[in-house]
Amino acid sequence: MRVAVIELAYLAAGAAFIVALKWLSSPRTARRGNLVGASGMLVAVVATLLHQEIVRYEYILAGLVVGSAVGAVAARRAPMTAMPQMVALFNGVGGGASMLVAWAEYVALRGGQAGADVLVSVMVTTVVGAVTLSGSVMAFGKLQELVPGRPITYPLQQAGNLVLLLAILLLAAFLVARTATTGPQPAPFYLMLGLALVLGTAFILPVGGADMPVLIALLNAFSGLAAAGAGFVLHNHVLIVSGALVGSSGVLLTQIMCWAMNRSVGNVLFGAFGATAQATGAAAGRVAQPIQADEAATLLAYARRVVIVPGYGLAVSRAQNEVRDLMTALEARGVQVSFAIHPVAGRMPGHMNVLLAEADIPYDRLVDMEEINPELERTDVAVVLGANDVVNPAARSDPTSPLYGMPIIDADRAAHVIVIKRSLSPGFAGVDNELFYMAKTRMFFADGREALVRILQALKTV
Amino acid sequence: MAELLFALNIFILATFVGFEVISKVPRLLHTPLMSGSNAISGISVIGAILIAGEVGDPLRTVLGVLAVTLAMINVVGGFMVTDRMLEMFRQPPRGGGPRPPA
């Protein structure tokens, strides 16, 4: 009877997660969807606590309380600009939990009793969970700038990673065969676990900052797969269902991100894109024209239509409130203002949307790339704020550019372009940007926030 | 073996359901969808609870308690941070579209 109640609760939780994902993908219902997901989780946890196998509750409660407290404080305290690293870290601990579950199951196996299916599931879950954990910690380090964000490469890197992967697979195969007959093999198991942790770190190293959206979505998929793997180990269907749901959403987001850059997942992970700065002669002999705050303010104040193109630089300089003030000031003068959002702008999928929403910018002003591009011909001023590669016209016109084929925001088609940037340095892809040297372009050399403050000041006197 | 095939069936079907329900997600919701689904991956907490509640191998207890803690960070942190983001997405009462010049 009790078992039936628990199983029914798990069924309800699985259904709740499906509804949660469904509702999370529509703006009107998203918040409710998240609550449904949380309720499903609560039901699953409470039902599990009813389990007859549980002999003592102290340790469980300690874990539940400490984990919830840490999670709650982290979720409350983290600034919106730190969301990418926050999401990375949450991915990591989720993968880590699945890894620990598989590990605990492994040490309890008895020789002669463990079936091959369970053993294979244990190995897969341990490895995927470990890669998710260490990979996410590494991604966190890069996003938090504890580790350089640029691609880190060294000789024989990919060959080394391949050898690591092969060693892990061989160890796993050995463990499956040997454990089935003679019981757990601690030394090779810990070696496999250790190598998987190393692999997780090593495969993130050559992935650069601007490719982070792909990476975070991929780690999200991994954390789902690890949870599903734990379900195979424990023969628990709600784990399998939930893990599969998360895995598919992670894979889908990974694909969307890759399409938005016109690159494959393989190229992102193994390409060390942007490792070599090839900003060479392209800019030779050309001069970018600077602009001062008062000229910029005049240009903006007398425009009819202004499109702002935000990028990672906006997040770095934490200028989301200043950009909202600029929008408000311009709208008060009757200027129509919209924001052009590139799908991979920032460091995680949807980064710009979250950042601008935090500053109370209504989301109907945020326009997707495909919709804003035809409008740019009729735009008086495009303001490029901390973005670079996503507005590089070479992506459209220069087949030799590494960016060629990537869909971009056509800022260069506006009548005037103001680029707010600290220097002329190339973007992440290491490619010079034609846009900076066009006759219609003016460069405002400053940190994003400082530039906006100065333009806002100047606007008062226009 | 039958058990494994049944589990694989469930896995495959759930994957398709996942693709189906979120295939039309607008870009606006990419981050909340990711962090919300991320919180769901903390479901391994239920496996961890059973392990942490046993009396026996102390190593298993340590691993179980650690897993409960990590999974709960994932679950509580994930759902709360998603809610915080979605709260910001409420349409401010300023109404849609730019206002005409005064």
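**Layout of chain A**

In this predicted model, the C-alpha centres of domain 1 and domain 3 of chain A lie 42 Å apart. The division of chain A gives domain 1 (1-77), domain 2 (82-270) and domain 3 (282-459).

**Chain B**

- Chain B holds 4 helices and 0 strands, and its pattern along the sequence reads α-α-α-α.
- Of the 102 residues in chain B, 55% are buried.
- Among the contacts in chain B with a separation of 6 or more, 56% are made by residues 24 or more positions apart.

**The contact between chain A and chain B**

- Chain A contributes 101 residues to the contact and chain B contributes 85 residues.
- On the side of chain B that touches chain A, at least two residues come from each of α1 (2-22), α2 (30-40), α3 (45-52) and α4 (58-88) of chain B.
- The largest share of that side is supplied by α4(B), with 29 residues.
- By residue type, the side of chain B that touches chain A consists of 51 nonpolar, 23 polar and 11 charged residues.

- The axes of helix α9 (residues 237-261) of chain A and α1(B) cross at roughly 40° and come within 8 Å.
- Because of this angle, α9(A) is oblique to α1(B).
- The crossing of α9(A) and α1(B) is right-handed.
- On the α9(A) side, the residues that meet α1(B) are His237(A), Ile240(A), Val241(A), Ala244(A), Leu245(A), Gly247(A), Ser248(A), Ser249(A) and Leu252(A).
- Their counterparts in α1(B) are Ala7(B), Ile10(B), Phe11(B), Ala14(B), Thr15(B), Val17(B), Gly18(B), Phe19(B) and Ile22(B).
- The contact of α9(A) with α1(B) comprises 12 nonpolar and 6 polar residues, and no charged residues.

**Packing within chain B: α2(B) and α4(B)**

- The axes of α2(B) and α4(B) cross at roughly 160° and come within 7 Å.
- The angle therefore makes α2(B) roughly antiparallel to α4(B).
- The crossing of α2(B) and α4(B) is left-handed.
- Thr31(B), Pro32(B), Ser35(B), Gly36(B), Asn38(B) and Ala39(B) represent α2(B) in this contact.
- From α4(B), the residues they meet are Asn74(B), Val75(B), Gly78(B), Phe79(B), Val81(B), Thr82(B), Met85(B) and Leu86(B).
- The contact of α2(B) with α4(B) divides into 7 nonpolar and 7 polar residues, with no charged residues.

**Individual residues**

- Val17(B) is located in helix α1 of chain B.
- Leaving aside residues up to four places away in sequence, Val17(B) touches Ile18(A) and Leu245(A).
- Val17(B) has 19 other C-beta atoms within 10 Å and is therefore partly exposed, as a residue counts as buried at 20 or more.
- Arg286(A) is found in the loop between α10 (265-270) and α11 (293-301) of chain A.
- Arg286(A) is exposed because 11 other C-beta atoms lie within 10 Å, and the limit for an exposed residue is 12 or fewer.
- Between Arg286(A) and His235(A), the separation is 51 residues in sequence and 66 Å in space, C-alpha to C-alpha.

How values were computed
Residues are numbered from 1 along each chain as its sequence is written. Chains are lettered from A and ligands numbered from 1 in the order in which they are written. This is a predicted model: local features need pLDDT of at least 70, side-chain atom pairs count only at pLDDT 80 or more; totals for chains, interfaces and linings use all residues. Two residues are in contact if their C-beta atoms, placed from the backbone, lie within 7 Å. Ala, Val, Leu, Ile, Met, Phe, Trp, Tyr, Cys and Pro count as nonpolar, Asp, Glu, Lys and Arg as charged, and the others, Gly among them, as polar. Axes are lines fitted to C-alpha atoms, for helices over the stretch in contact, and angles run from 0 to 180 degrees between N-to-C directions. Angles under 35 degrees count as roughly parallel, over 145 as roughly antiparallel, 65 to 115 as roughly perpendicular and the rest as oblique. A crossing is left-handed if the near helix is turned anticlockwise from the far one by less than a right angle, and right-handed if clockwise. Domain bounds come from an automatic or database domain assignment.
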